[in-house]
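Please look through the sequence and the structure shown here before reading on.

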Amino acid sequence: MSDIRENRLVVRGLSVSFNGFVAVDQVDLTVEPGETRVIIGPNGAGKTTLLDLITGKTAATAGTVEFRNHQLAGKSTSEICNKYHVGRKFQGPNVFHELTVHENMQLAMMGNQSMGFYVFSQKTREEEERIDACLKKVNLLEYKEVKASSLSHGQKQWLEIGMVILQNAELIVLDEPTAGMTAEETYKTGEMIKNNLKEKTVLVIEHDMDFVKQIAEKVTVLHQGRVLAEGTFEEMENDPRVISVYLKQTEEEEDAKC
């Protein structure tokens with residue numbers, strides 16, 4: 001079993017540019033072991049690109065990413081996931097709709113094995129118990145034999161979170177995990193993260209401020225590819241810079257919906 005004290009994420013001077021446009025600019029970020037960090041900021045601030053850099057989806061122009069005392073920058077997405085135990089949930093549910101919830105979870109356990117080998121291999125009782133335990137954590141145990149296509153949008157989001165948890169990730173990266181959810185589903189997702197990911201290092205991008213307040217131990221605010229401010233939710237909520245570039249805009253968008 002891994003030592004949670006090792007699970008520190010350290011990002012230093014991380015940058016990337018696309019055809020001269022600097023999307024992420026000299027970002028420094030330290031997420032402590034077992035911490036849930038939420039990244040907020042206006043559209044175009046570089047939030048998802050930062051996650052792409054950390055998880056290997058995009059190659060950095062400059063800077064370093066260290067997790068569990070290993071340098072991740074320059075490594076492939078699959079190596080970062082399988083060897084260094086970094087799991088990511090992308091925006092919107094990314095599940096196999098024609099498979100059952102249980103079959104989706106089975107595939108999440110594949111790791112480096114081929115799909116054919118895993119599908120036709122005999123599952124052990126321990127593996128089945130792990131799947132059931134994980135489905136219970138994400139409120140989907142009673143939907144075990146239901147096709148993923150029949151789940152609600154929020155339940156599909158939960159299924160993907162469950163698939164990431166099942167992969168034994170030590171750093172869990174969630175990109176807008178409550179997008180498209182009802183208020184009730186959003187709250188349940190927050191409790192799910194708080195109750196089941198206590199020993200994981202968690203990095204979340206989110207726009208729903210109630211959800212951010214519910215789960216965040218610390219908040220990092222990005223603006224124009226740089227870290228604008230960092231601190232507790234209350235500190236960020238009252239920071240004039242954050243109010244000016246983001247929170248005021250968010251409030252206006254919410255008012256426009258009413």
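Helices α3 and α6 cross in a right-handed manner, a term used when the near helix is turned clockwise from the far one by less than a right angle. This is a predicted model, in which local features need pLDDT of at least 70 and side-chain atom pairs count only at pLDDT 80 or more, while totals for chains, interfaces and linings use all residues. Residues are numbered from 1 along each chain as its sequence is written, and side-chain values use heavy atoms, with hydrogens and water left out. Helices are DSSP runs of H or I with at least four residues, and strands are runs of E with at least two, numbered from the N terminus.

The axes of α3 and α6, lines fitted to C-alpha atoms over the stretch in contact, with angles from 0 to 180 degrees between N-to-C directions, lie 8 Å apart at an angle of about 35 degrees. Contact here means heavy atoms within 4.5 Å.

| Helix | Residues | Residues in the contact |
|---|---|---|
| α3 | 101–108 | V101, N104, M105 and A108 |
| α6 | 153–166 | L159, G162, M163 and L166 |

The largest nonpolar core has 43 residues, and M105 and L159 are among those with the most contacts inside it; such a core joins buried Ala, Val, Leu, Ile, Met, Phe, Trp, Tyr and Cys residues through side-chain atoms within 4.5 Å, where buried means under 20% relative accessible area with a 1.4 Å probe, protein chains only. Helix α6 gives the most to this core, with seven residues.

Elsewhere, strands β9 and β10 run antiparallel and are joined by five bridges, where pairing requires at least two DSSP bridges.

Notes
Buried < 20%, exposed > 50% of the residue type's maximum accessible area, 1.4 Å probe, protein only.
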